[in-house]
Amino acid sequence: MEYTNQTGALAILNGRGNTTSDETTLTGAAPPAARSVTPPQKRLSRPLGAIDIPHRKVTKICCIGAGYVGGPTCAVIALKNTHIIVTIVDVNPTRIAAWNSDSLPIYEPGLDAVVKECRGRNLFFSTDVDKGILEADLIFVSVNTPTKTQGVGAGYAADLGYVEAATRRVAEVATGDKIVVEKSTVPCRTAQSMRVILEANSRPGIHFDILSNPEFLAEGTAISDLMCPDRVLIGSLDTPAGRSAAASLADVYAGWVPRNQIITMNLWSSELSKLAANAMLAQRISSINALSAICEATGADIDEVSYACGLDSRIGPKFLKASVGFGGSCFQKDILNLVYLSESLHLPEVAAYWKQVVEFNEHQKKRFLHRIITCLFNTLTAKKITLLGFAFKADTGDTRESPAITLAKYLRAERAHITIYDPQVTEDQIWLDLSEPGVVDDIESLKKQVTICNNKYEACEGADAVVVCTEWKEFKMQKDPADTRGMDWTRVYEKMKKPAFVFDGRLILDVHRMEEIGFQLESIGRPGKGFRRSKDWE
Ligand SMILES: NC(=O)C1=CN([C@@H]2O[C@H](COP(=O)(O)OP(=O)(O)OC[C@H]3O[C@@H](n4cnc5c(N)ncnc54)[C@H](O)[C@@H]3O)[C@@H](O)[C@H]2O)C=CC1
Ligand SMILES: O=C(O)[C@H]1O[C@H](OP(=O)(O)OP(=O)(O)OC[C@H]2O[C@@H](n3ccc(=O)[nH]c3=O)[C@H](O)[C@@H]2O)[C@H](O)[C@@H](O)[C@@H]1O
């Protein structure tokens, strides 16, 4: 039976070996045979019961962690539930001060308007973590879960120190019953650890319900993702108390999300679904990037291949854009987390399978660098290379795991002079990303080799090559001379060294139009000019 192993793994994970009703469904389910078959997860979802199960109405929410997730998510909850008081707390006073100012700590389209409407009404930002916990009925734990950098599992396992610290604080401070919600992305079974910590450290007689409610928003589109989510996932114990807590949280989301999109399931499935979703999304990018290498060597065009594959309704068109590599704070971290989980479950083949998604991503960045070196006559020494974009994707100022950081470090090693322009990333952030922690004189040598520019045209002046690292709209070719949002690539060409090379790591530039201007454009997933010249069929 196709699902037997999965069920077995679940049984091992929950440490009981008994099967829940969900697991029974899984074992009995026939494997999907044709594309019209109802997806198996439909049958997995428990009846929501949010309306008919007796449950508490939430009136006060506290969110621990005012980051990229906690801030936007709870701002939208406050916007859509004017009867709920939402307080977002954080140990970082600078971050909280920024949330309380006109200059929010994160750039996210639409976020300012949401915060402006609710702040001071039913949305508050505070460093008083204890007060937030004390007053709330429901507490989101939305703290960071980075990859461990040392000790057992270094480089793979999630560092759960922040989750544990927040959980201990809840246990120590709470004087009444609380629903505690894992919003952070965590390894499967973390809710169990949280339960043990809460029960061991709280006052007698206090009851905690723990829910898993992973977040699926993407940066740059956080507000629209939150307003219209594909689904809201709530994992709970399959007990009356667990179901009741899930119903309380479901009510909060039902403030704007249709009930049939609020999915409830067992805790461990919910925790694992988050890692699984990110792993599958990243896997699609590595798959298309692997194909991009074949395109470059054969004359196929990766955009055309993506388009052709995406028209198959089983595959779909999203997340098939080839690039210099995926970045962001979570894809790599969550896959490595899954790799670690697989290894600890003695599933080395499963671990190797997922690990390859991350390894290929690193390879893609190196491939791109090699192409730059080859085109620039095999040396980058003292050449001016301009990086357009430093954020890991457009519409965010976030640079975590940005491919531009890796590229800049590689280019530095080649002794190139690097100039960087990004419309949203701060100078301080770029210096922080490029300097080696603990190396005292590094920043001085860094500043001799790297220039940060706040004008895109100036950044390109005198460059041997321009490398598009982020797909900001302002780097796309302007539609006409009056279009001030796009880029006047003719103006760029005039001030560059010749031959003028542009390396498009985001496939946003049209090869024919760029060549008409005079550029040598080299794009990911398309054969380069050298290849095309050597073939007589073009
Ligand atoms: N960034 C994203 O787009 C997404 C992130 N996630 C997950 O959400 C979680 C949070 O991610 P981000 O918001 O990006 O992290 P972040 O680093 O932006 O924010 C976390 C915040 O928690 C605060 N914090 C840590 N420990 C604390 C404590 N004990 N008490 C009070 N505050 C504390 C930190 O000061 C920080 O401001 C992670 O597990 C991440 O994997 C999930 C979906 C999307
Ligand atoms: O857990 C998380 O943190 C989040 O991770 C991703 O969101 P995010 O990393 O913000 O942004 P994505 O749009 O997924 O992009 C990630 C990276 O992949 C790249 N990408 C994306 C799509 C694509 O087709 N090709 C491609 O190279 C992007 O440029 C970016 O570098 C997921 O999309 C969210 O659902 C998830 O909640």
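This is a predicted model: local features need pLDDT of at least 70, side-chain atom pairs count only at pLDDT 80 or more; totals for chains, interfaces and linings use all residues.
Domain 1 (60-257) and domain 2 (330-534) both contribute residues to the shell around ligand 2, so the ligand lies between them.

The shell around ligand 2 consists of 20 residues, and the closest are Phe 216, Leu 217, Ser 323, Cys 330 and Arg 506. Helix H12 (residues 267-298) supplies the largest share of the shell, namely four residues.

Which atoms of the protein lie close to oxygen atoms of ligand 2? A polar backbone atom of Glu 219 is 2.7 Å from an oxygen atom of the ligand. A side chain takes part as well: a polar side-chain atom of Asn 278 lies 2.8 Å from an oxygen atom of ligand 2. For Phe 392, a backbone N or O atom is found 2.8 Å from an oxygen atom of the ligand. Of the 700 Å² of accessible area that ligand 2 has on its own, the protein covers 89%.

The second topic is salt bridges. Side chains of opposite charge can pair when their charged atoms come close. With a cut-off of 4 Å between a side-chain nitrogen of Lys or Arg and a carboxyl oxygen of Asp or Glu, the count comes to 25 salt bridges.

One of these joins Lys 365 to Glu 362, with an N to O distance of 2.9 Å. The two residues are three apart in helix H15 (residues 348-375), and therefore about one helical turn separates them. Is each partner buried or exposed? Lys 365 is buried, with a relative accessible area of 3%, whereas Glu 362 is partly exposed, at 26%.

Another salt bridge links Asp 464 with Lys 497, whose closest N and O atoms are 3.5 Å apart. This pair connects distant parts of the chain, 33 residues apart: Asp 464 sits in the loop between helix H19 (456-460) and strand E12 (465-468), and Lys 497 in the loop between helix H20 (489-494) and strand E13 (501-504). Asp 464 is buried, with a relative accessible area of 13%, while Lys 497 counts as partly exposed at 42%.

Arg 121 and Glu 117 also form a salt bridge, their closest N and O atoms being 4.0 Å apart; Arg 121 is partly exposed, with a relative accessible area of 36%. Finally, salt bridges link Glu 296, Arg 367, Arg 371 and Glu 522 in a network.

Technical notes. Residues are numbered from 1 along each chain as its sequence is written. Chains are lettered from A and ligands numbered from 1 in the order in which they are written. Side-chain values use heavy atoms; hydrogens and water are left out. A residue is near a molecule or strand if one of its heavy atoms lies within 4 Å of it. A polar contact is a pair of N or O atoms within 3.5 Å; within protein, one must be able to donate a hydrogen and the other to accept it, and residues adjacent in sequence count only if both atoms are side-chain atoms. Accessible areas come from the Shrake-Rupley method with a 1.4 Å probe; for residues, only the protein chains shown count as cover. Domain bounds come from an automatic or database domain assignment. Buried means under 20% relative accessible area, exposed over 50%, partly exposed in between (1.4 Å probe, protein chains only).
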